[in-house]
There are 2 protein chains.
Amino acid sequence: MTLHWSPRSPFVRKVMVFAHEAGVVDRLRTVRTPVAMTKPNHDLLPLNPIGKIPTLELPDGSVLYDSGVICEYLDTLHDGPRLIPAEGPARWVELRRHAMATGFLDTLILWRNERDKQHALPELLDAFALKTQHALRAIEAEIEDIAARPLGLAQVTLGVVGAYLDFRFADIDWRAACPRFAAWHAEFAKRPSMMATVVAEG
Amino acid sequence: MTLHWSPRSPFVRKVMVFAHEAGVVDRLRTVRTPVAMTKPNHDLLPLNPIGKIPTLELPDGSVLYDSGVICEYLDTLHDGPRLIPAEGPARWVELRRHAMATGFLDTLILWRNERDKQHALPELLDAFALKTQHALRAIEAEIEDIAARPLGLAQVTLGVVGAYLDFRFADIDWRAACPRFAAWHAEFAKRPSMMATVVAEG
C-alpha cells in the first residue's frame with residue numbers, strides 16, 4: 001500500500017502512529033506528497049479531489065481517505081486487539097473522542113493559516129482561541145478515563161495533538177492548563193510509535 | 001435524543017436526511033443552535049468544544065459528534081437495511097465517498113467564508129476553485145456506480161452537496177459540468193427525506 005505522506009502533517013502522523021500500534025506499518029510504503037491550503041498538489045488531486053494527506057492507495061488501485069477511514073481500514077488488517085472498538089458504547093465514546101481530537105487539529109491548522117495572514121480576521125482568531133480553550137478543558141476532564149481504556153484511536157490522536165501543540169503553538173502553555181493531559185502525554189510520547197514519527201523541525 | 005440543529009447547515013441536513021431514510025427521525029428532538037465560524041455558540045462549547053453542529057445529546061447525557069459518527073450511530077437504531085455497509089470492500093468505498101463528499105462541503109464552507117472577507121487571499125480562493133473542479137469531476141465519474149448501490153451515506157451526502165451548491169454557489173453552473181450527477185440529483189431531490197429538509201432562503 002502506498003501512503004501519501006509528509007513529515008509535518010498531524011493527520012499523517014496519526015495514521016503512522018496508528019499503523020505502528022496496529023503492527024501494520026511495514027505494509028505501508030510512504031511517498032512524500034507535500035500539500036498546503038494555498039498550494040494544492042496537482043498529482044494528488046486526481047486521487048483525492050479534496051487534496052489532503054494522508055491518502056492511501058491500495059494494491060488493487062482503489063484509494064482511501066480521510067485519516068479516520070484509513071485508520072479503520074488498517075485496524076482490519078491485524079489479529080491483535082482492535083484499536084477501534086467494534087460496537088457498543090465503547091465504540092461511540094472512542095469515535096466521539098477521535099472526532100474531538102481531529103476537530104481540534106482542524107481548528108489549530110485553520111488558526112495557524114489565519115494568523116499567518118497579513119489581514120487576519122480578529123473575530124476568527126478569537127474564535128479559534130476560544131475553541132482551543134474548550135478543547136483543552138474537555139481533554140483535561142476526560143484524560144483519566146481515556147488513559148484507563150485500552151490503547152485506541154482516541155489516545156493515538158491525542159498523542160499527536162499534544163505533539164502538534166508543541167510544534168506549532170509553543171506560545172500556548174498547554175501543559176500549565178492541563179497537568180493531567182501533560183502527565184499522560186509525557187508517557188505516551190515515549191512509545192516506539194511516537195518516537196518513530198517524531199516531527200523534525202523545519 | 002436532542003439534535004443541535006440549524007436549518008441551513010449542510011452537515012445537519014445530512015444527518016436529518018439520513019435519519020429520515022433510516023426511519024429514526026421521530027426519535028430526534030431538534031433544537032436550534034446557531035453557530036458560525038466567527039461566532040462560536042457559548043451554550044454549545046461545553047458539549048462540543050469544536051463548536052460545530054450537528055451535535056447529538058443522548059438520553060444518558062452522553063454526547064456524539066461529528067455528523068459521520070452521528071449517522072453511524074443512528075444506523076444501529078433500526079432494523080432495516082444498513083445505510084453504511086458493515087464490512088468489506090463496500091464499506092470502504094462508502095466511507096471514502098462519504099469522506100469525499102464531506103470534504104467537499106468543508107471546502108465549500110471555507111471558500112464561502114474566505115470570499116466574503118474584505119481581504120480574501122487570492123491563492124486560497126484559487127485553491128478552493130480547483131478542488132471544487134476536481135470534486136465535481138470525481139462525482140461525475142462515480143455517480144453511476146454510486147446510484148447503482150443500495151441507498152447509503154454516500155448518496156445522502158451527495159444529495160446534500162448538490163442542494164448546498166444550489167443554495168450557496170448558484171454562480172457555479174455545476175449541472176452543466178456534471179450532467180450525470182445533475183440527472184441523479186434531480187431524482188434524489190424528490191425523495192421525502194430531501195423534501196422534508198429543504199433549506200429555506202434567508
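**A tour from Asp75(B) to the two-fold axis**

Select Asp75(B) to begin: this residue sits in the loop of chain B between α2 (67-74) and α3 (88-115), where helices are DSSP runs of H or I of at least four residues and strands are runs of E of at least two, numbered from the N terminus. This is a predicted model, in which local features need pLDDT of at least 70 and side-chain atom pairs count only at pLDDT 80 or more, while totals for chains, interfaces and linings use all residues. Residues are numbered from 1 along each chain as its sequence is written, chains are lettered from A in the order in which they are written, and side-chain values use heavy atoms, without hydrogens and water.

Next, display the surroundings of Asp75(B). Leaving aside neighbours within four places in sequence, Asp75(B) is in contact (heavy atoms within 4.5 Å) with Phe18(B), Arg82(B), Leu83(B) and Ile84(B). A polar atom of the Asp75(B) side chain lies 3.0 Å from the backbone nitrogen of Leu83(B), and the side chain also reaches the backbone nitrogen of Ile84(B) at 3.0 Å.

Definitions and conventions
Polar contact = N/O pair within 3.5 Å; in protein donor to acceptor, adjacent residues only side chain to side chain.
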